[in-house]
Amino acid sequence: MTTLTELIDACEADLADSGNATFAAADIQQWCRDAIADYSQHYPRKLNTTINCADNDREYDLPADLVGVISVEYPDGEDPPEYLRRRNYTHPDFWSDVGYYDVVHREDATDTAELWISEKPSTGEDIIVFYTAPHDNTIVVGGTLTVPSDHEPILRKYVLWQATLQLAKTEEASPTSNSSLLMSQLAINSDRARRSYIDALAKAIYTDSKSSPVSWANATSESERIY
């Protein structure tokens with residue numbers, strides 16, 4: 001896995017600016033963090049969490065970093081695994097049928113989302129939630145990235161885009177003599193770098209989608225719990 005320091009060094013090498021003569025070290029580090037954040041919107045990481053059930057408790061807090069739920073396994077430990085189907089909790093049969101869950105988001109942004117299940121669990125049972133979340137862009141310098149190492153070039157392309165964009169904006173803010181041609185070229189370079197980043201990201205998403213298995217949890221009907 002790649003560390004944030006290694007990503008920064010690679011970006012500086014891409015920019016031919018290892019000594020930070022052109023771009024401030026703080027800017028490059030921030031662009032790396034911004035790259036992770038933007039990448040996460042298109043390519044979030046997949047995590048799971050185990051929820052310990054309590055008798056008759058059908059509402060549980062979900063992780064604060066949750067973006068979306070992939071699947072809900074309940075009860076844990078079945079062979080083959082059993083998964084709940086998603087159904088809106090306002091459905092007239094939600095609370096009377098078994099085998100369903102819903103994710104409830106609060107209007108208060110400081111509150112975490114909640115998992116509601118249609119049946120009453122027992123203490124000792126577990127729920128395993130597989131979900132998507134952003135990659136960590138708050139890691140300390142030297143910390144290990146959560147972005148797969150083979151996707152590091154995508155992050156580097158984002159940083160290159162931001163660097164060329166900064167050059168273009170700087171020239172626009174304080175033009176040099178005979179600057180129109182230079183501004184035009186910097187704008188072209190910035191747009192080319194942007195398109196290169198978007199293309200690399202799209203290619204990664206497409207490649208992953210072709211290799212991912214079918215999610216039967218989303219393909220079956222709502223009528224029964226699936227396996």
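How many bridges join strand β5 to strand β6, and how do these strands run? Strand β5 (residues 100–104) and strand β6 (residues 114–117) are joined by 4 bridges and run antiparallel. This is a predicted model, in which local features need pLDDT of at least 70 and side-chain atom pairs count only at pLDDT 80 or more, whereas totals for chains, interfaces and linings use all residues. Residues are numbered from 1 along each chain as its sequence is written, and side-chain values use heavy atoms, with hydrogens and water left out.

**Sheet**

- An open sheet is formed by 4 strands in the order β2-β6-β5-β4, with mixed pairing; strands are DSSP runs of E with at least two residues, helices are runs of H or I with at least four, and both are numbered from the N terminus.
- The edges are taken by β2 (59–61) and β4 (85–86), each of which has a single partner strand, so one side of each is left without a neighbour in the sheet; two strands pair if DSSP finds at least two bridges between them.

**Helix α3**

- Helix α3 (residues 152–173) has 22 residues, which at 1.5 Å a residue should span 32 Å, and its end C-alpha atoms are 32 Å apart, in agreement with that value; the expected span is 1.5 Å times one less than the number of residues.
- Its buried residues include I154, L155, Y158, V159 and W161, where buried means under 20% relative accessible area, exposed over 50% and partly exposed in between (1.4 Å probe, protein chains only).
- The buried residues of α3 pack against α1 (4–14), α2 (25–42) and α4 (179–211), contact being heavy atoms within 4.5 Å.

**Salt bridges**

- The structure holds 7 salt bridges, each defined as a side-chain nitrogen of Lys or Arg within 4 Å of a carboxyl oxygen of Asp or Glu.
- One of them joins the side chains of D14 and R156 at 2.8 Å, N to O; D14 lies in helix α1 and R156 in helix α3, so the pair ties together parts that are 142 residues apart in sequence.
- R156 also meets E152 in a salt bridge (3.3 Å, N to O), both residues lying in helix α3, 4 residues apart, about one turn of the helix.
- E152 is buried, with a relative accessible area of 14%, whereas D14 is partly exposed at 39% and R156 is partly exposed at 25%.
- R194 forms a salt bridge with D191, their closest N and O atoms being 2.8 Å apart, and the two are 3 residues apart in helix α4, about one helical turn.
- Salt bridges that share partners join D14, E152 and R156 into one network.
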